[in-house]
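Reader: Could you walk me through this one? I'd like to go from single residues to the ligand, one topic at a time.

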Amino acid sequence: MTQDELKTLVGQAALHYVEPGSVVGVGTGSTVNKFIDALAAIKHTIKGAVSSSVASTERLKALGIEVFEAGDVQELAVYIDGADEIDHAGHMVKGGGAALTREKIVAAQSRKFVCIADESKLVEALGQFPLPVEVVPMATQRLIRQFAAMGGLATIRLKDGQPLITDNGQHILDVTGLRITDPLAFENQVSQWPGVVTVGVFAVQKANVCLLGTASGVKTLTF
Ligand code: 5RP
């Protein structure tokens, strides 16, 4: 099976976690796009969605799924999102699509985080994928030095030769060279640095379930 087919498989498997009559938390990325497409087939059974990005909102609306503001919904039963890396305890690196801040916000108001990913995303330790960190631009140069002091090389993510601007009007640093052995401690430490909006380690809001697309079908990992 191709990686794209594995993504389709887990996108469809995630429908099992959608509660009838509920508002669903929806993440961002190519795997989530498969979930959104699958969700369209059962849209009459749900109230709608809270989305973690402009891109997902547009896709949901185009398929006729109502999108609510996060602030208008108290609690979500489930949040479905992809990951750039997930370890065997459900800790993730996210933000490859630059949507990490809104993803963490929607995950925080959800009772269950269901991660959907193809098997290439499962790792022993986080840190191979360049770690996305959303930052306030005036802090960028100091934050690059702070990551260097812990052995990381941080670069500003570009789009069309200019710093990428997130949905929140901020920049993204991508940090290589880190081996994140204690994701919870790392997330708590870096989140305290002035100018960091969101670090792409999801350990506080870790996955409760991972639907992993493999050559032999969907494996369900629970944490
Ligand atoms: C976006 C994300 C995505 O979940 C992550 O990048 C995985 O994307 P894909 O499903 O396209 O591999 O965190 O900010």
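**Residues, core and ligand**

Author: I would start with Q128, which is exposed, with a relative accessible area of 68%. Please keep in mind throughout that this is a predicted model.

Reader: Okay, where is Q128 found?

Author: Q128 sits in the loop between β7, residues 110-118, and β8. In space its C-alpha is 7.6 Å from that of G177, although Q128 and G177 are 49 residues apart in sequence.

Reader: And V114, is that buried or exposed?

Author: V114 counts as buried because its relative accessibility is 0%, and the cut-off for buried is under 20%. This residue belongs to strand β7, and, leaving aside residues up to four places away in sequence, V114 touches Y17, V78, Y79, I80, D81, V209 and L211.

Reader: Let's switch to the largest nonpolar core. Which residues touch the most other members?

Author: That core has 22 residues, and the ones touching the most other members are L131, V133, F147, L173 and F186. At least two residues of this core come from each of β8 (131-135), α5 (140-149), β12, α6 (183-191) and β13 (196-199).

Reader: What does F147 touch?

Author: Not counting residues up to four places away in sequence, F147 has contacts that include V133, L173 and F186, and among the others are G152, A154 and W193.

Reader: You mentioned β12; where does H171 lie?

Author: H171 lies in strand β12, which covers residues 171-176. With a relative accessible area of 13%, H171 is buried, and beyond the residues up to four places away in sequence it touches several others, including V133, E134, T140 and P163.

Reader: Now the ligand. Which residues come nearest?

Author: Of the 17 residues around the ligand, those that come nearest are S30, T31, D84, G95 and K121. The shell divides into three nonpolar, eight polar and six charged residues.

Reader: What about the N or O atoms facing the ligand's oxygen atoms?

Author: A side-chain N or O atom of S30 is 2.5 Å from an oxygen atom of the ligand, and for the side chain of D84 the corresponding distance is 2.6 Å. G82 takes part through a backbone N or O atom, which lies 3.3 Å from a ligand oxygen.

Reader: How much of the ligand does the protein bury?

Author: The ligand taken alone exposes 380 Å², and the protein buries 91% of that.

Note on methods: Residues are numbered from 1 along each chain as its sequence is written. This is a predicted model: local features need pLDDT of at least 70, side-chain atom pairs count only at pLDDT 80 or more; totals for chains, interfaces and linings use all residues. Side-chain values use heavy atoms; hydrogens and water are left out. A residue is near a molecule or strand if one of its heavy atoms lies within 4 Å of it. A polar contact is a pair of N or O atoms within 3.5 Å; within protein, one must be able to donate a hydrogen and the other to accept it, and residues adjacent in sequence count only if both atoms are side-chain atoms. Accessible areas come from the Shrake-Rupley method with a 1.4 Å probe; for residues, only the protein chains shown count as cover. Ala, Val, Leu, Ile, Met, Phe, Trp, Tyr, Cys and Pro count as nonpolar, Asp, Glu, Lys and Arg as charged, and the others, Gly among them, as polar. Helices (H or I, at least four residues) and strands (E, at least two) are DSSP runs, numbered from the N terminus. Buried means under 20% relative accessible area, exposed over 50%, partly exposed in between (1.4 Å probe, protein chains only). Contact means heavy atoms within 4.5 Å. A nonpolar core is a set of buried Ala, Val, Leu, Ile, Met, Phe, Trp, Tyr and Cys residues joined through side-chain atoms within 4.5 Å.
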